[in-house]
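Hi,

Here is the structure I promised to pass on. Have a look below, and my notes on it follow.

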Amino acid sequence: MSAIQTTVVLAMTADGKISAVDPKAPRDSDADDQAHMEHQVSFADLILVGAGTIRAEGGTFTIRNPELLAAREVRGQPPQPITCVVSGSLDLSLDLPFLSQDIKRWIFTTRTALERSSDTKALQKLVELIDLGDTDLNWDRAYSLMAERGIHKVVALGGGSLTASLVKAGRIDDWWLTIWPVIYGGKYAPSPVEGEGFIPSAAPHLQLVETRQVGSQLFLHYRILK
C-alpha cells in the first residue's frame with residue numbers, strides 16, 4: 001500500500017442521489033458547496049474523476065480562489081492538480097471541453113480500450129493515456145505509478161462507479177459528504193457508491209470526525225475504519 005492519501009469529496013441529496021435520473025439536467029449551483037469543494041481540491045496533487053462524470057459535466061473542476069492558489073504555490077504545487085479521468089472503455093468525445101482546459105491531463109484506461117478505440121491516436125495528442133491492465137483497471141498499478149510520479153494527495157470526485165472501485169480496492173482514507181436539502185428520487189438515479197455492493201458483514205465502516213452545518217446543508221467528514 002502506498003502512502004498516498006485519498007479523499008472522496010461528493011455531494012448528494014438527502015435521499016442519497018448524486019444527480020437526477022438525467023445526469024445532464026441542470027441544477028442550481030450552491031456557493032457554499034462550491035467553496036467547500038474548492039478548498040478540498042486545493043490540497044490535491046491529482047483529481048480522479050469517472051468518465052461518466054466528465055461526459056455529463058464536460059470539464060473538470062478547477063481552483064480559482066486567489067488565496068487557495070497562493071497556498072498551493074507556497075506548498076510547491078502547480079496552480080491546478082492533474083485531472084485523471086478513469087475510463088475502462090475510452091468512450092470519450094474529442095469535443096469535450098476537458099480536453100482543451102489549461103491543466104495537465106491523464107486517462108487511466110485498459111489495453112483493450114487503447115487497441116479498440118478509433119480515437120486513441122487523437123487522444124494521445126491531448127492527454128497522457130495510461131494502460132492499467134488488459135480489460136480491468138489495476139489500482140495497485142495505478143497507485144504505484146502515482147507514487148513514482150510524486151503524487152501524495154488524491155481527491156476523488158466520483159461518480160458512483162469510480163467510487164465503488166476505489167472502495168473495493170481499499171484505497172479510500174476519508175470522505176467528505178455534502179448533504180443537499182432536496183429529494184431527487186428515481187430508481188435509476190445514481191448514488192455515491194454503485195458497483196456490486198457489499199453484504200453488511202463486509203461493508204466498510206466509517207467514523208464521523210467532523211460535522212458542519214451551513215443553513216440547511218450539512219458537510220460530513222468521515223474516516224475509514226481499517
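**What I found**

Let's start with Trp 176, which sits in strand β7 (residues 174-180); helices (H or I, at least four residues) and strands (E, at least two) are DSSP runs, numbered from the N terminus. Before going on: this is a predicted model, where local features need pLDDT of at least 70 and side-chain atom pairs count only at pLDDT 80 or more, while totals for chains, interfaces and linings use all residues. Residues are numbered from 1 along each chain as its sequence is written, and side-chain values use heavy atoms, with hydrogens and water left out.

Why does Trp 176 count as buried? Because its relative accessibility is 5%, and buried means under 20% relative accessible area (exposed is over 50%, partly exposed in between; 1.4 Å probe, protein chains only). Leaving out residues up to four places away in sequence, Trp 176 touches Thr 7, Val 8, Val 9, Leu 10, His 36, Gln 40, Glu 210, Arg 212, Phe 219, Leu 220 and His 221, a contact being heavy atoms within 4.5 Å. With Gln 40 there is also a side-chain to side-chain polar contact at 3.4 Å. (That term covers a pair of N or O atoms within 3.5 Å; within protein, one must be able to donate a hydrogen and the other to accept it, and residues adjacent in sequence count only if both atoms are side-chain atoms.)

Next, strand β2 (residues 46-50), where five of the five residues are buried. Leu 46, Leu 48 and Gly 50 point one way, Ile 47 and Val 49 the other. β2 runs parallel to strand β3 (residues 82-86), with five bridges, and Val 49 has Val 85 as its bridge partner there. β2 is also parallel to strand β6 (residues 153-156), through three bridges; Leu 48 partners Ala 156. Strands pair here if DSSP finds at least two bridges between them.

Now the packing. The largest nonpolar core has 32 residues, and Leu 46, Leu 48, Trp 106, Phe 108, Trp 139 and Met 146 touch the most other members. Helix α6 (residues 139-148) gives the most to this core, with five residues. Apart from it lies another core of 15 residues, including Val 85 and Leu 123. By core I mean a set of buried Ala, Val, Leu, Ile, Met, Phe, Trp, Tyr and Cys residues joined through side-chain atoms within 4.5 Å. Beyond its neighbours within four places in sequence, Phe 108 has contacts that include Leu 48, Trp 139 and Met 146.

Cheers
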